[in-house]
Amino acid sequence: MKQNPSRQRLRFGLPKGSLQEAAIEKMAKAGWNVSINSRSYIPYVDDEELELRLIRAQEISRYVEHGYLDCGITGHDWIIENGSQVHEVGEFLFSKATRKPTRWVLAVPEDSPIRSVKDLEGKRIATEVVNLTRKYLRQHGVKAEVEFSWGATEVKAHELVDAIVEVTETGSSLRANNLRIVEELLVSTPRLIANRAAWKEPWKRRKIETMALLLRGALEAETEVVLKMNIEEKRLTCLLDRLPALRRPTIAHLSQEGWVAVETVIDEHVVRELIPQLKAAGAEGIIEYALNKVVY
């Protein structure tokens with residue numbers, strides 16, 4: 001795409017790492033096709049008004065705060081860890097493994113005598129979130145040594161340190177390493193954040209708000225489906241009584257006299273129980289299909 005040098009542009013930070021694939025997928029569903037060259041940190045996007053930068057989630061909030069980026073997606077945990085002063089546009093709950101938020105937890109070996117944060121007095125803790133852990137210890141009046149972990153933190157808990165503060169979604173990795181969760185320090189979800197000066201610029205704010213609207217719509221659509229069906233008009237009331245809906249369903253008369261078509265958006269998880277009920281109520285030709293966006 002040939003760029004227009006006079007066009008305004010928004011610098012947007014995409015998180016490199018565990019959130020990368022999910023963020024690019026959500027961008028595509030929201031309407032922006034992104035492709036990444038493995039040798040470059042500048043992804044391609046089919047929007048002349050956007051300049052993307054692929055940066056580690058741990059660093060995005062700092063670059064947004066200092067204005068190198070106008071906005072970006074990063075975890076709430078890294079905003080807190082960095083102490084970044086940014087404008088939070090919205091929360092976007094997506095994950096590569098589950099739709100659960102990530103949790104930073106204090107964990108110890110199964111046979112450790114440590115049962116609470118108070119038992120960490122004088123102990124040594126390894127973690128990637130040093131500032132967050134030190135703040136947590138101060139809040140509980142505990143003095144302990146906190147060291148930065150460059151990786152393989154779960155292994156260190158058995159040989160090198162007394163405890164770790166590690167991120168988890170389901171806890172399965174910790175259990176696989178024979179570790180026990182003692183306490184939870186922070187629950188974190190991805191956030192869209194903006195530089196405070198950029199947020200005050202009308203054009204940039206409108207662009208960021210548009211992206212937030214469409215990204216939120218893409219996320220909402222992941223749990224919703226459309227159901228379409230035909231039914232005799234005399235049995236319509238019975239069907240509507242059984243039909244949960246985002247809003248009132250759309251009803252249209254068919255060319256066959258006495259029949260109507262019904263269309264509605266519902267939560268995907270109820271479909272398997274609902275379709276037999278709709279069939280029993282007289283619905284025919286039931287069709288289910290997925291959505292790209294649902295915008296409230």
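This is a predicted model: local features need pLDDT of at least 70, side-chain atom pairs count only at pLDDT 80 or more; totals for chains, interfaces and linings use all residues.

Residues are numbered from 1 along each chain as its sequence is written, and side-chain values use heavy atoms, with hydrogens and water left out.

- The largest pocket holds about 660 Å³ of space, a pocket being an open set of points on a 1 Å grid over the protein atoms alone, with protein on both sides within 12 Å along at least five of seven lines.
- Its lining counts 31 residues, of which Ser18, Asp77, Thr102, Val167 and Glu169 are the closest to the pocket centre; a lining residue has an atom within 4 Å of a point.
- Two or more lining residues come from each of helix H2 (57-65), helix H3 (76-82), strand E7 (102-109), strand E10 (163-168) and helix H6 (172-176), and E10 gives the largest share, three residues. Helices (H or I, at least four residues) and strands (E, at least two) are DSSP runs, numbered from the N terminus.
- By residue class, the lining of the largest pocket divides into nine nonpolar, 13 polar and nine charged residues, where Ala, Val, Leu, Ile, Met, Phe, Trp, Tyr, Cys and Pro count as nonpolar, Asp, Glu, Lys and Arg as charged, and the others, Gly among them, as polar.
- The second largest pocket has a volume of about 170 Å³, a volume being the space filled by probe spheres set on the points, which are joined across faces, edges and corners.
- Arg56, Gln58, Glu59, Arg62, Trp78, Glu81, Asn82, Glu128 and Phe148 line the second largest pocket, to which H2 and H3 are the elements that give two or more residues. Its lining divides into two nonpolar, two polar and five charged residues.

**Cavity**

- One cavity of 30 Å³ or more is found in the whole structure, a cavity being a set of points where a 1.4 Å probe fits but cannot get out.
- The lining of the largest cavity, which has about 30 Å³ of space, consists of Leu106, Val117, Leu120, Ile125, Thr133, Tyr136, Leu137, Val165 and Leu185.
- Helix H4 (residues 130-139) provides the largest share of this lining, three residues, and by class the lining has eight nonpolar, one polar and no charged residues.

**Aromatic contacts**

- Three aromatic pairs are found in the whole structure; rings of Phe, Tyr and Trp (its six-membered ring) pair if their centres lie within 6.5 Å, and planes under 30 degrees apart count as stacked, over 60 as edge-to-face and the rest as tilted.
- Tryptophan 78 and tryptophan 104 form an edge-to-face pair, at 5.9 Å centre to centre and with 85 degrees between the planes. This pair links distant parts of the chain, with tryptophan 78 in helix H3 and tryptophan 104 in strand E7, 26 residues apart.

**Burial**

- Tryptophan 78 is buried because its relative accessible area is 9%, and tryptophan 104 is buried with 2%; buried means under 20% relative accessible area, exposed over 50% and partly exposed in between (1.4 Å probe, protein chains only).
- Lysine 207 lies in helix H8 and counts as buried at 11% relative accessibility. Leaving aside its neighbours within four places in sequence, lysine 207 is in contact (heavy atoms within 4.5 Å) with Leu10, Asp47, Glu49 and Leu50.
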